[in-house]
Amino acid sequence: MTQRPGIASPEEDPNVEILCASPPCFMHELDPAWLGLLSWEQIRAWRRAERAALIARRLAVPVAARLERDDAITVHVRAAVPDLARRHVGFYWPFKGEYDPRPLARALHREGARLALPMVATKGRPLIFRAWRPGTRMMQGVWNIPIPAQGEEVTPDTLLVPLVGFDARGYRLGYGGGYYDRTLAAMAPRPVAIGIGFENGRLATIHPQPHDVRMDLTVTEAGATGIGAGSGPAEPTP
Ligand SMILES: Nc1nc2c(c(=O)[nH]1)N(C=O)[C@@H](CNc1ccc(C(=O)N[C@@H](CCC(=O)O)C(=O)O)cc1)CN2
Ligand SMILES: Nc1ncnc2c1ncn2[C@@H]1O[C@H](COP(=O)(O)OP(=O)(O)OP(=O)(O)O)[C@@H](O)[C@H]1O
C-alpha cells in the first residue's frame, strides 16, 4: 500500500485515496487445495497421476546412481536413529525402485536387532508382520512381493516405510492402498515411523487428508528430517 506523497494519511483524513499495488482480491493466486476446495475425488485423481510419474522417474535412475543413493540413505538412517540395532524393526522387501533396506537389515541382524517383514493378510486391513532373519524361507505374497513363508505374527516397534512421494511435513504418498496408514493407525503403541524416499520424490504438499499418518522421520539421500534428526517433535496432525 502506498500513499501519494504530500497527501494526508488516512488517520488524518479518512477521505484520502489509498493506492494499492495489487487488486483487492488475491483469491485467484491461492492454491484451491489450500482453500479446501479440492474434493477427495480430485485429490485421489491427482495422487494417482503423481504416483505414476514418481514411480517412472524413480525407475529411470541408473543402477550405479541408485546404489550410491541407497548407501547415503543407510548412513543417514543410522546417524538419525543410533539405537536401531536395539529395536524391533519392520523393514520391507523392495520393489519398483524403492530404497533397498536389505543390506541394512542384515547389518542390524548381526548387531542383534529383531527384524520383521510386512504382508497383506487381508485386503483392506492393516498389514501384519512376520519375523525375518537371513535365510528365512520366503514365498510370494500379493503383488509378488516376497514374504516369510511361515511364522507367528510379531509387533515391531519401529517401521521403515517406503515413500513414493512425501512433503516437508512428513506426509507420504504410497501405492494408494492405504496399508501403512491403516497399520500405523491400528498399532498401539504406535511404532516409530521412518519414511524412506528420494529427493526426486519431494512434493510441495500431498494434500493431506484425515487418514494420512505422518512419518516421525523422513530420510532421503540428502539427510534426515523430523524428530530423530533433532529438529524437535512433529506438530500435531491438523
Ligand atoms: N516393498 C514393499 N513391500 C510392501 C509394501 C510396499 O509399499 N513396499 N506395502 C505397502 O502397502 C505392502 C503391500 N502393499 C500392497 C498394496 C496394494 C496391493 C493391491 O493389491 N492393490 C490392488 C489395488 C489397490 C487399490 O486398492 O486401489 C491391485 O494392485 O490390484 C497389494 C499390496 C506390504 N509390502
Ligand atoms: N485408517 C484407515 N482406515 C480405513 N481406511 C483407510 C485408513 N487409512 C487409509 N484408508 C483408505 O485407504 C486409501 C488410502 O489412500 P492413500 O492415497 O492415502 O494411500 P497411500 O498412503 O498412498 O497408501 P499406502 O499407505 O498403502 O502406501 C483411502 O481410500 C483411505 O480412505
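User: Which elements supply the shell around ligand 2, and what makes them count as elements?

Analyst: At least two residues each come from α1 (40-59), β9 (172-173) and α4 (179-186). They count because helices are DSSP runs of H or I with at least four residues, strands are runs of E with at least two, and both are numbered from the N terminus. The helix α4 gives the most to this shell, with 5 residues. The model is predicted, so local features need pLDDT of at least 70 and side-chain atom pairs count only at pLDDT 80 or more, while totals for chains, interfaces and linings use all residues. Residues are numbered from 1 along each chain as its sequence is written, chains are lettered from A and ligands numbered from 1 in the order written, and side-chain values use heavy atoms, without hydrogens and water.

User: How many residues surround ligand 2, and which are the closest?

Analyst: There are 17 residues around ligand 2, and Arg 51, Arg 172, Gly 174, Tyr 179 and His 211 are the closest. Each is counted because one of its heavy atoms lies within 4 Å of the ligand. By class, this shell holds 6 nonpolar, 5 polar and 6 charged residues. In this scheme Ala, Val, Leu, Ile, Met, Phe, Trp, Tyr, Cys and Pro are nonpolar, Asp, Glu, Lys and Arg are charged, and the others, Gly among them, are polar.

User: What makes the approach of Arg 47 to ligand 2 a polar contact?

Analyst: A polar side-chain atom of Arg 47 is 2.9 Å from an oxygen atom of ligand 2. A polar contact is a pair of N or O atoms within 3.5 Å, so the pair qualifies. The backbone also takes part: an N or O atom of Gly 176 lies 3.1 Å from a ligand 2 oxygen, and a polar backbone atom of Tyr 180 is 3.1 Å from an oxygen of ligand 2. Alone, ligand 2 exposes 650 Å², of which the protein buries 76%; such areas come from the Shrake-Rupley method with a 1.4 Å probe.

User: Which polar contacts does ligand 1 make with Trp 93, Glu 98 and Lys 123?

Analyst: A polar backbone atom of Trp 93 is 2.6 Å from a nitrogen atom of ligand 1. The side chain of Glu 98 has an N or O atom 2.7 Å from a ligand 1 nitrogen, and a polar side-chain atom of Lys 123 lies 3.1 Å from a ligand 1 oxygen. The protein covers 72% of the 690 Å² of accessible area that ligand 1 has on its own. In all, 16 residues surround ligand 1, divided into 14 nonpolar, no polar and 2 charged.

Note on methods. A polar contact is a pair of N or O atoms within 3.5 Å; within protein, one must be able to donate a hydrogen and the other to accept it, and residues adjacent in sequence count only if both atoms are side-chain atoms.
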